[in-house]
Every structure is written in C-alpha cells, then in structure tokens.
Amino acid sequence: MSELRRVLLSRRTLLYLVIAVFIGSVFFMYDCLSEKQITLTGEELTAYIDGYPEFLNDIQNNADEFGTIAALSGGFSAENIRKTAVDYRKLTGVTPVVGENKGFVLLSGYILGDLLIAAVTLLVASSFSEERKKGLVTLVRSTKNGRRMLSVQRTGIILIVALASSILVHTGCILTSTLACGNMGVLRPIQSVPEFSLCPFGITILDYIVFSVLMKALASAAAGLLLYLLSSIMESVLSFAICAAGIAAEYLFYGMILPTDRIAGLKFCNIAAVLRTDLFFNEYCNLNIFGKAIGFLPCAVVSMLIVLVVLCVLCILFTSGGGNGAATSGSLVQKLSTWFSKKAPVPPLPLWEMKKVFINQKGIIILAAVVYIAVSSALQYRYVLPHYSDVTQQYYNKYKGVITEETVTKMHKDYEVLDDARLKSELELSALSGLDTTDAIAKSKDLQMKIGTLMGRMSALQPLIDQAEEGLAYSKESGIEVQLIKTKTYELLLLDDNATTSKNSLYIILSIVGIFAGICANENRSNMNSTLRTSLKGRGRLTAIKLVLIGVTSIIVTASIFATQLLQVGEQGFNDLEAAAQSVACLRFMPFEISLLGYLILMFAVRMISAFAVGAFVMLVSRYCRSSVTSICINSTILIVPAVLSGTGILDLPSAADLIGFTVI
Amino acid sequence: MLELKNLTKKYGDNLVLNDINFTFDKGVYGLLGANGAGKSTLMNLITDNIKRTDGSIFYNGTDILELGAKFRKKVGYTPQLQGMYEDFTARAFLHYIGTLKGMKFSECKAQTEEFLEVVGLLKVAHKRLGSFSGGMRQRVLIAAAMLDRPEILILDEPTAGLDPEERIRLRNYIADISRDRTIILATHVVSDIESIAGSVIMLCKGKPAAVGSPAELIAGVKDKVSEFCGSYEEISALKADYGKGQIYQTEKGYILRIVSDERPEGFSPVSGGVDLEDVYLYYAEGRK
C-alpha cells in the first residue's frame, strides 16, 4: 500500500490532476461562451422533440419495408435490419424533453478533456521508469515488496489515476457548464439532445455521463498500461516512440476506416474510439461478427476490457523484471545515435538551439499538442454565418460604393417611395374592406401581399439607411471616405466571438510558456552560463538566435491557431476588402485611412508581435530562474492567470491575451 | 600576452581581489590558493564572466572588453562548476561547444574525436552526460575547453574528481601543449602544478602573496620548514599550538612538520626535501 500512497498522494500526481481539471474547465468555459452553433435551440429544438415519435415510427416502417426484401437474401443484412427494428422498438414510450443541451453536447465532444485524462494517466505511468534513470532499480528490487507486489500496485495505480482523472475532469466540466449555460437536466432521456437522436438505448443523460467517465478511464488506463509495460522492457525513448506510434495507429484506424468496412472492428474496438464515447451513442452501427449483427458498443466494451485485462496481466508479469530488455534496446538506440552523430554533419547554432528547446526540453510535444487541440477543437463546431436576404443584397448592390450625401438622399427617397406605395395600398385595402365580391376579395389579397412585400423592403432598407447616415456623419467628421458594405462577417470576427478569440489567445500563451519556460532556465540549472559566455557565439549571437526561435515559433503558433477562426468566420468570403476599414462601425477608432484587408493584416501583425513579446518576456523570466518549473510558475502567474480570469469574465484584468487576441480598441 | 593591471573585485564591501598586477606570457601558470582566496573570481574576470570593480585586463595591449568576441575566440575555459547538458551525449556536447566557438564543422568533428581520445572518453562518447561520473564529466569539460586550440587555456580546478592515472595523463598533455600558448591552471591541489607550471602565483586573501617558479618559491621557504619527532602524546600536545602542521607516522615515531618564520624550540630542520605543499601551507594557511 505504501506505493499507492506514495504515488497517489504525491505532490506531482495531485498537481497533474489539478492542472488537468483547471485547463479542462477553463477551455470548457470558453467553449460554453462561444458564439458557434453547438446544437439546435428554440423552435428548431421544439420541432425536433415534436418529431421524435415520428422518427421512431419511420425506423420501424423502414425496417418492415427493407426487412422483407433483405430476409429473402438472408445473412448479415437481414439480421442488421431486424436488430435495428428491435433496438429502436425498445424506445417506444421514451419522451424527449426540451432543456439546456449546449453544455452536454460540448461535454460529449470535448476532445481536450479526453486528451487531458489520457495525459495524466500517461504521465503517471511514465514516472515509473524514472527509477531506472536514477539507477534505483537494484535497490528497489532488493526489497521485500520490490518485485511482483510493486508491479501489482503500480498497475492498480494506473487504473485508479485513469478513473480519478476522468471523474475530476468530467466534474469540472459539468460545474463549468452549469455556471455558463445553466442546468443541463441530467435526468432527461438522452434522446432529448438532437445529436443523440440515433441512440438506441433508453438511458438518461446522467447514465451516459457515468458510462462516459468509465469508458474514458478504460481507454486511458489501457494507454497508460501499454506505456508502463513498454517502458519497463525497453529504453524509455524507444518505449515512448512505440507507445505513441501505437496510439497514433489506433487513431488512424478510428479516423480512416468506414463503419461499413470489413475491418470496421479495428475502428470501433480501439482506444481512440473508446476515448470518444459519444460516437457509440450518437451513431447506430452493428458489426458483422460471424454473420451475426452485434452492436458496436458491446463489441468495443468487451474488446477493451479484454485488452485491459491482458495488459494488466502482462504488466504484473513483465514489469517486475529488472529491465534487462531496456539495456538491450537502449544499446540499440545508442548504436544508432552514435552512427548518426559520427556521420551527420555538425548542425549550425540555430539548429542546436532548436534541438535543445524542441527535443531535449520536449517543446515539440507541447507545440504539437497545443496546435492539434486548438485546431481540432476549433474545427469541431461551426458558426451561424451571417445571412443577407435577397432584398438586402439588392440594396447593397444598388447603393454600394463611397457613402455621400447623394447616396443617403437617394436612399431616403427610395424609402419614401416605398412608404408612399405602402400607404396608398393600405388606403386601397381599407376601401375594399366592406366588399365581399370575388374581385374585391382577390384584390384585397393582392394588396395585402403587396403591403407585406413593401414592408419587407422597407425593413431591409432601414438598417442600410442607418448605416449610411452613421458612415456619412463619420466621413464628415474625420475626412475619411467610408463605403456601404456588408459588415456582419467583420463584426462576427472582430466583436461578437470574443470567447473564441480569448480561447485562442490562451492556447498561444500556454504553448509559448510551455515551450520556452526552460529556454534559459535550463542553462542556469545546468551551470552552463560561464561556458557559454566564454564562447565566441555564446553571448549576443546566442541570445539573438533564441529570440529568432521564439519569434518564428510565436508567428507559426499564432498564425495556425487564429487561421482556423479566420477561415471559419470567412467561409462565405470576406467582402469589400479594399474598402476603408472605417466602413465597419467598430473600426472607426482607427485614426488613419486603411483598407479592410490592411486592417486584417495589421491585426494579425499586432497579434504576432504580441505573441513574440510574450515569448521574449517568458525568456526574460527564464533567464532569472534556476529551473523550468519555477519559470513556468512565474510565467503562469503573470501571463496565464490574468488571461483566464479576464477571458472567463471572472475579473476584468488587463492581460497579455488582450494583445494576442487584439481585434478592436 | 595577457596583462592584469590594478585588477580589483569587490562583492559589496567584501574585497575579493585587491589590486592585482601580473603578466601572463606563454607557458603554464599555476594559481594556488585556499578556498575563497579569489582564484575563481580571477578566472571569471579574465574570461569576462563577471564585471571588474577596478583595473584592466589587456590582451596584446588592448583591453579585453574592447576586444569582446575576438578575445573569446582565443580563450578556452573549464569552469569550476561542472556545467553541461545532461541529456546530450559527450560527442554532441563537444560538437555544440565547437559550434559555439565558431569552428568549421569538419574541423569541429575532427577535433572532437581527437580530444575525446586525449581525455580517454572516445569509447563512451555516445553516452549521455547524465550517466557520467564526476571525473568523466570533468574530462568532457577539459576536452571542450581544448576545442579550437585556444591561445589561452583557463582551467579552474581541472583535476577535481580525476583518478591518479587521468591526472598524470592530463598533466602530461598540458605540458605538451603549453609551449605555444598561455595556460592558467587554478587549483588547491599542489601536485597538479608542481611538475608542469613554469610560474606559480600564490593567492592569499585576494592578493598575490608570492610569485615565482616552483623552485624559487620552494627556495624561499626552505629555511622555514622544521619538524618535531616524538611520541603520540608529545605530538598531540604540540599540535594544539601548531594546528596547521602536518603529522606523519614513521618508523621512528610521530613527526609534526610545520612551516613558520621562526623555528620553535625542540624543532629541527627537515631531513627530507621541501616541496610546493610547504609553500602553499606557508602562504595560504597563514605564516607562524
């Protein structure tokens, strides 16, 4: 039990859990506050709820219709259709209830949460290989409980950590969702959520969450046990590489194999699939197991349980050894690296610095993880993109160009013409009100339609008139000519979607702090300063190279993370890019004339320069720290905490995220 | 030629080096002194790793601050603290230092192999520095300092952690390469410099207490070394008065050997030879 206490109650494990819950909850909060369309709401949701019984009936009818045909051919198809009908028949009587679904839908597809659960488990599993690096294996193995008993305990620790991290991350997200979106109504049938309309199980949202917690724990534990097993029988770098390759292969199988493929088992009975539990509840699929149609959920659960049991047994059997295999595989790695270092040319100084930061200090893992999570989560949901009616489009086309007195006068005249026509039609309509002849009735209908059309045109024109008048007033005051353009896309990008902008900024700060916290602290810790400072290029040149590295990385990270938002918002294209930026009301703070394209470029330049400044600050802090951990703590306190407090609306603090996510003043 | 003029270093009110004047030419210079005598501070000033309080350091007539990188190009330095990246292999570390020194890549590779051989680490060059013992790390740092064959080689406690065989090997190598360069070797291990240093500077409380060749320094204290032979009880009683004396056990009994300006009663001139250790004790440990 001592090992259980030592690891589970260690500051490091507790810190991993706290960080996972903190990061998971913070980014979940941003998702909750996002302007993106997460799920159906309002009338669309009511329509879905009302139509659900009909949807079930359709399934039964289809099953009856196709079942007859398929029954003739027999085999899996017939079995599949029959089972589908049986599964959905069980849902008869299930009544979906309208409620707050946003938080639950976000939780069910929360990729970052899944990765955090897996990451905590993998970190704890990898910590077991440290004693070999420290040369403590013989000491540990010579103690009474240092072999089989230790392996059993460590296997148990991985299972417990996986479960604990899954419970804690889910709890954090549920609390955050309750705060940001309201009560998710966990006792409602899961079919109340449109995304889960295909779920064939009569379960509640709470049942799903409990099951999801267990499934994610199961998948993370499997990954952790695999790493523990590999790192105990081979050199740690190699074990990490093989484990990463294995998990990547699982992910590829999950992503690339179609549910209808003959090898669909590889798609569903796999760690990546089990980690994304929602798949099994918002899709319906039966696997062909020797001609029998078996639901993909039981297949996945059974196979993952088998994998888990096998891994547990293998861990207990093989990790109690002394790690002789590690020496053999280690020597193989060493031979390869010796051969490479002898044959390969000596890299120039920038490459050495890149190696130090990205390979030795594991910056590449942080960079890849942050960019992957940021981009994939950004692509997960779409925006409700600005829509202009045909009438509005016509008016924009009619009055487009620089706003002048003439334009405004013309618009007013057009509006008056419409209004006069409406008044005239209304008078004619009231004149016909007492008549009940066929002609009068038909004419009344025409007039009513005409009035409706006129009012529609007027209500489409009025906002344009307002926009033009404001623009004209600004032009007169500032002397900068503005144009009448469609502004909704720009407003969505610059004003409305603050949560996504703040979230992206936080991702950028996190990656910069994570990658560069040790850039100088590592040299302080290694006592390398005097050696470096005595070398020809060890002073100004080295600092310059580090700054260039920070600059290039900051630019790449900023560009790749913000590009997803830009592409999604601008899916319909950014119109009138050559028009003055001040044509959009929120950009009238700009004191000089600049086009919209110019402003977007300027905005990205400010963001990139800010990201670089943050990187330079991180380097400065790192310069005065003896370890990366101290540097991370100080940088987080100064850069991340204010950004989180401000971004989630808890406290209105100025933060670096405001500059990195710069849109408008 | 490296010239120190009125070199002074203070940490707050603490005067660590006081008005040092000295000229280093080609050859091996031993810098002897107790812990805290100011050896490492002097090394750090020469390598411009810390700021001087007063005075100047000239290299061939120009201040090293003015020369900047041009001066550093000519310096190889092994610091007292074993600074290195533990996740680098020995070979990669030397390649890295070579790159920092601005060496051509082919030359860097060739010299890396050469100096790994010199310090006896060629067979373990593929191993990570984190797995090296203290002595092996020291040898890597010495090899790193030697890369690019600097004109001035500054070695701060270079033999710390080395076994006798490696010490001898290193001493021989230093003696070998000292003909056409300046080597400054700071240590408190007297035997390291006794056989190879052409000139020795005895630092005491931040000032050179004595400067000269080992033979000159030894001649200077020859008459000041005396010894007392007696029983263990007698020696124990005397030791209280001469705490810094050395006690030997011989066939005749116990001998207390001291270095002092005046020979105490009962002590006789030493029967054997006087060596640099006596000089060290005389200056570094305080005169009696």
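Reply: Helices (H or I, at least four residues) and strands (E, at least two) are DSSP runs, numbered from the N terminus. By that count, N498(A) sits in helix α23 of chain A. This is a predicted model, where local features need pLDDT of at least 70 and side-chain atom pairs count only at pLDDT 80 or more, while totals for chains, interfaces and linings use all residues. Residues are numbered from 1 along each chain as its sequence is written, chains are lettered from A and ligands numbered from 1 in the order in which they are written, and side-chain values use heavy atoms, leaving out hydrogens and water.

Me: What makes N498(A) count as partly exposed?
Reply: Buried means under 20% relative accessible area, exposed over 50%, and partly exposed in between (1.4 Å probe, protein chains only). N498(A) has 44% relative accessibility, so it counts as partly exposed.

Me: Why is α18(A) called roughly parallel to α26(A)?
Reply: Axes are lines fitted to C-alpha atoms, for helices over the stretch in contact (heavy atoms within 4.5 Å), and angles run from 0 to 180 degrees between N-to-C directions. Under 35 degrees counts as roughly parallel, over 145 as roughly antiparallel, 65 to 115 as roughly perpendicular and the rest as oblique. These two pack at about 10°, with axes 9 Å apart, so α18(A) is roughly parallel to α26(A).
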